[in-house]
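Please read the following walk through the model with the structure open beside the text.

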Amino acid sequence: MKIFDSSPEIALQRPRRWRTIVAFTLAAAICVALAVALFKQRTMYAAQLERAKLDLTTEQGNVKDLRREVAEMKEKLDAAEPKINSCASNLAIETSKVAAFAKQAAACEVIRTKLKLKG
């Protein structure tokens, strides 16, 4: 082989090798870029998942607090129910007393008007 061989076969092989190298380099660069993009997206999704887990944990704590508060309110309502029933029965008793006094007052008024007429 000569140093300055300019045969057509060698001239055709060099551009083919160069094109092959460029094609492989380009393919490798694309693969690396896709791998980096995939890694970044996976990292982003992992961070979103961690935030969602943290939010879920916080909300679960809030739900526990709210359930405890609801249970306390139910206990207070259950404790107040006898008092409410007692007040309702006392109200009925007082209402009947007021009605009886109203009847007595009406009867007294009738008697008074009769006494004035005779008087």
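A salt bridge here is a side-chain nitrogen of Lys or Arg within 4 Å of a carboxyl oxygen of Asp or Glu. The contacts described below are read from a predicted model.

The overall fold is quickly described. The protein chain has one helix and zero strands. That helix, H1, covers residues 8-118, and the chain has 119 residues, of which 1% are buried. The accessible surface of the chain amounts to about 11300 Å². Carbon and sulfur atoms account for 67% of that surface.

Next come the charged side chains. The whole structure contains four salt bridges. One of them joins Lys 97 to Glu 94, with 3.6 Å between the closest N and O atoms. Because Lys 97 and Glu 94 are three residues apart in helix H1, about one helical turn separates them. Lys 97 has a relative accessible area of 42%, so it counts as partly exposed. Glu 94, at 41%, is also partly exposed.

Another salt bridge links the side chains of Arg 112 and Glu 109, at 2.8 Å from N to O. Both residues belong to helix H1, where a spacing of three residues places them about one turn apart. The relative accessibility of Arg 112 is 43%, which makes it partly exposed. Glu 109 is partly exposed as well, with a relative accessible area of 37%.

Arg 68 is partly exposed at 42% relative accessibility, and Asp 65 is partly exposed at 36%.

The last stop is a nonpolar feature. Which residues form a nonpolar patch on the surface? They are Leu 26, Ile 30 and Leu 34, which together have about 310 Å² of accessible area. Ile 30 is found in helix H1. Why does Ile 30 count as partly exposed? Its relative accessible area is 45%, and partly exposed covers the range between buried, under 20%, and exposed, over 50%.

Conventions: Residues are numbered from 1 along each chain as its sequence is written. This is a predicted model: local features need pLDDT of at least 70, side-chain atom pairs count only at pLDDT 80 or more; totals for chains, interfaces and linings use all residues. Side-chain values use heavy atoms; hydrogens and water are left out. Patches are made of residues with over 30% relative accessible area and no salt bridge: like charges are joined within 9 Å, nonpolar side chains (Val, Leu, Ile, Met, Phe, Trp, Tyr) within 5 Å. Accessible areas come from the Shrake-Rupley method with a 1.4 Å probe; for residues, only the protein chains shown count as cover. Helices (H or I, at least four residues) and strands (E, at least two) are DSSP runs, numbered from the N terminus. Buried means under 20% relative accessible area, exposed over 50%, partly exposed in between (1.4 Å probe, protein chains only).
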